[in-house]
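Please look through the sequence and the model below before reading on. The paragraphs that follow go from the parts of the chain to single residues within it.

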Amino acid sequence: MNIYFTCNGKQISLDVDPGIRVLDLLRDVLNLYGTKEGCGRGECGACTILMDGKAVNACLMYASKLDGREVLTIEGIEGEDGALHPVQESFLEEGAIQCGFCTPGMVLSTKALLDELPEPDTKEIEEALSGNMCRCTGYAKIIKAVEKSAERLQEKS
Ligand code: FES
Ligand code: FES
């Protein structure tokens, strides 16, 4: 089937097998390797992307669902003048990244949270990131990075 969608601000029209997973379409067709495959069954959040601003698991979704949607992957997130996005800066500064495998998903889930709830409390942060697993950091630094992201974005607004 032919699908038409926006990915990272670019309009894309593709003839695809509607049964291909969005994760495979992003990585194997569009060469967007920042979206990772961990579990492949909706449990780890490594494949998180934003669809119409909501965090979703690309491993659980078929390409046919992309039609007419707006997708943001980690490659499309940036701050002013192409610099790092404030969420990315905060993750770096707080040392919330070790191997980095979970980081694209964490950053995108954080963006989705803060777009909707600019001043979340710790419980709301934990809830928003509950679908994103990290095997390295122990989460404390990630929570701190989300808090710092919220502060930065508030300063900019
Ligand atoms: S790879 Fe999609 S949730 Fe784990
Ligand atoms: S930094 Fe390694 S999985 Fe999170």
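Helices (H or I, at least four residues) and strands (E, at least two) are here taken as DSSP runs, and they are numbered from the N terminus. This is a predicted model, in which local features need pLDDT of at least 70 and side-chain atom pairs count only at pLDDT 80 or more, while totals for chains, interfaces and linings use all residues. Residues are numbered from 1 along each chain as its sequence is written, and chains are lettered from A and ligands numbered from 1 in the order in which they are written.

The protein chain is divided into domain 1 (2–76) and domain 2 (80–156), with bounds that come from an automatic or database domain assignment. The C-alpha centres of these two domains lie 21 Å apart. Their contact takes 15 residues from domain 1 and 13 residues from domain 2, where two residues are in contact if their C-beta atoms, placed from the backbone, lie within 7 Å. On the side of domain 1 that touches domain 2, strand 3 and strand 4 each supply at least two residues, and the largest share, 3 residues, comes from strand 3. The residues of this side divide into 8 nonpolar, 5 polar and 2 charged; Ala, Val, Leu, Ile, Met, Phe, Trp, Tyr, Cys and Pro count as nonpolar, Asp, Glu, Lys and Arg as charged, and the others, Gly among them, as polar.

In the loop between strand 3 (48–51) and strand 4 (54–57) sits aspartate 52, whose phi is near 50 degrees, a positive value in a residue other than glycine. Is aspartate 52 buried or exposed? A residue is buried if 20 or more other C-beta atoms lie within 10 Å of its own, exposed if 12 or fewer, and partly exposed in between, with C-beta atoms placed from the backbone. Aspartate 52 is exposed, because it has 11 other C-beta atoms within 10 Å.

A positive phi, of about 75 degrees, is also found in tyrosine 139, which is not a glycine. Tyrosine 139 lies in the loop between helix 4 (122–128) and helix 5 (140–156), and it counts as partly exposed because it has 16 C-beta neighbours inside 10 Å.

Finally, consider a pair of helices. Helix 2 (residues 86–93) and helix 3 (residues 103–116) pack at an angle of about 125 degrees, with their axes 10 Å apart. The contact is made by Val87, Gln88 and Phe91 of helix 2 together with Thr103, Val107, Thr110 and Lys111 of helix 3, and by class it has 3 nonpolar, 3 polar and 1 charged residues. Axes are lines fitted to C-alpha atoms, for helices over the stretch in contact, and angles run from 0 to 180 degrees between N-to-C directions.
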